[in-house]
Amino acid sequence: VQALVDRISAVFVPVVLAVALATVVGWLIAGAPAETAVIYAAAVLVLACPCALGLATPAALMVGLGRAARLGILVRDPAALEAALTIRRVVFDKTGTLTEGRLRVVDIAAEPGTTVEQALTLALALQAGSDHPLAAALRRAAETRGLAAAPPVSGETLPGRGVAGTVDGRGLVFGNARAMAEQGLTPAPAPADETTVSWLAETVPPRLLARFAFADQVRRGAAQAVADLEARGIETILLSGDRRPAVEAIAGRLGLGRAMAEVLPQDKAAEITRLRADGGGVAMVGDGLNDAPALAAADLGIAMAGGVDVALETAGVTLMRPDPRLVGAVLDLAAALSAKIRSNLFFAFVFNVVGIPLAAFGVLHPVIAGAAMAASSITVVGNALLLNRWRPHLEEIP
C-alpha cells in the first residue's frame, strides 16, 4: 500500500505544479493582476501539500502495530499484514502450537531381555544435551524414577526420524517407525490414539528394545481457534511429522478440516508451496526449528512465542502469548488496518479534490488553504489514532 501511495505521489506532485502554473496563466489571461494570479497559485500549492497523503499509511501502521503489540501480537514485517488479507488456508503445526509441547512419558513397553529402567536410561543417553520435547519428557521420567543417563560415546540426529548413537559400546537408534524401518525392523502397530510413539532399537544385530508412548496436552483455546477460522470460510490443516493415527486423532478432536501426517521437516516447505499453487493465500503457524522453512515458504508466517529463535526470526508475525486464537486476531488486525489506511487515503484525497479547484478559481485565500491542509493532516492522524480502540474478539476460555 505504501508503495502505491509513493507511485501516486510521484504523479500527484507534478500534476499539482502544472495546475498551479495553469492557475497563474489563466488568471493573467483573464486580466487579473500578477500579484492576484500568484496568490491564487500559492493557494493551490499550499492546499495540495501532500502531507496527509504521506501520513495516511505510516500513521495507521504506527498506531495499529503498537496496539497489536500491547495485545500480544508482535508484527516483525508490516508487509505480512497485507499478505494476511489474502489468506484462505491456515496450516498448523501440532507439537508446541496446537498442543502445549510439554510431552510426558505415559508408557514404556520393554521387550524381553530389557527392563523399563534400562530402556529409559539408554534412550535418555541418546538424547543427552537435546532440547527436543521428547528429550525433556525422558529427563522428567528418569528423574521421577531416580535414574541417571550414561553419556553417549557418539551420536547424530536423524531429521524427522530420531537420533542414533553409541552407548556403552552398543549402537542404538531412538526414533519413529521410519527410523526403525531403516534398520530393517517392523514394530508392532502402535495404538490408534493421540500419543506420540518412539522405539528404542539396537543396530547390531537389529532388534527392538522398547516402545515409548508420549502424551501432550492440547492448548486451551485451540478448538475455539479452529472453529473461528472455519466459520470465516478459511480451511484449516494440521501438518505434522508425527504418526498418522496421532495426527488424525488431534485433527478430529479439534475440528480441523484436513490432516497431513508423517511429513519430514524438509518436506514441510514443499507442502506449503503446493498449497499456495492451488490458489489463495496460505498462513503457516508453528514454533519449532522444523517449522522455519515452512514459515518462510508461506504467504504469512506466524510463530508462537516460546519456540526456537530461528522460527521467530523467520515468521512475519509472532504471538507473544501461546494462544492459538490470536491467529484469527492477526487476520482481524490486518482487515482493520487495511480499512483504516483506505479511509485515511480517502480523507487525504477529498481535501485536495474539493479544495484545489476552489483555490484555483480564487475562492480560497492561501491562509484558508493552509488551514485546510493542516486540517487534512489532523484528520488523518486522528483517524489513525482510533485504532487504539481495536480489540480482538476473544471469548473467555471455559
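Helix α7 (residues 133-145) in this predicted model lies across four strands, β3, β6, β7 and β8 (206-215). Its direction makes an angle of about 75 degrees with β3.

Now look at the sheet those strands belong to. It is an open one, built from 6 strands in the order β3-β8-β7-β6-β5-β4, with antiparallel pairing. The edges are held by β3 (104-110) and β4 (154-158); each has a single partner strand, so one side of each is left without a neighbour in the sheet. From one strand to the next, the twist averages 20 degrees. Further in, β6 (residues 170-175) and β7 (residues 196-203) run antiparallel to each other and share 4 bridges.

Over to β2 (residues 87-92), where the pairing is parallel on both counts described here. With strand β11 (residues 281-286) β2 pairs over 5 bridges, and Val-91 stands opposite Met-284 there. With strand β9 (residues 235-239) the pairing runs over 4 bridges, and Phe-92 has Leu-238 of β9 as its bridge partner. As for burial, 5 of the 6 residues of β2 are buried, so the strand is largely enclosed by the rest of the structure.

Setting aside neighbours within four places in sequence, Asn-383 is in contact with Lys-340, Ser-343, Asn-344 and Phe-347.

Key: Residues are numbered from 1 along each chain as its sequence is written. This is a predicted model: local features need pLDDT of at least 70, side-chain atom pairs count only at pLDDT 80 or more; totals for chains, interfaces and linings use all residues. Side-chain values use heavy atoms; hydrogens and water are left out. Contact means heavy atoms within 4.5 Å. Two strands pair if DSSP finds at least two bridges between them. Helices (H or I, at least four residues) and strands (E, at least two) are DSSP runs, numbered from the N terminus. Axes are lines fitted to C-alpha atoms, for helices over the stretch in contact, and angles run from 0 to 180 degrees between N-to-C directions. Buried means under 20% relative accessible area, exposed over 50%, partly exposed in between (1.4 Å probe, protein chains only).
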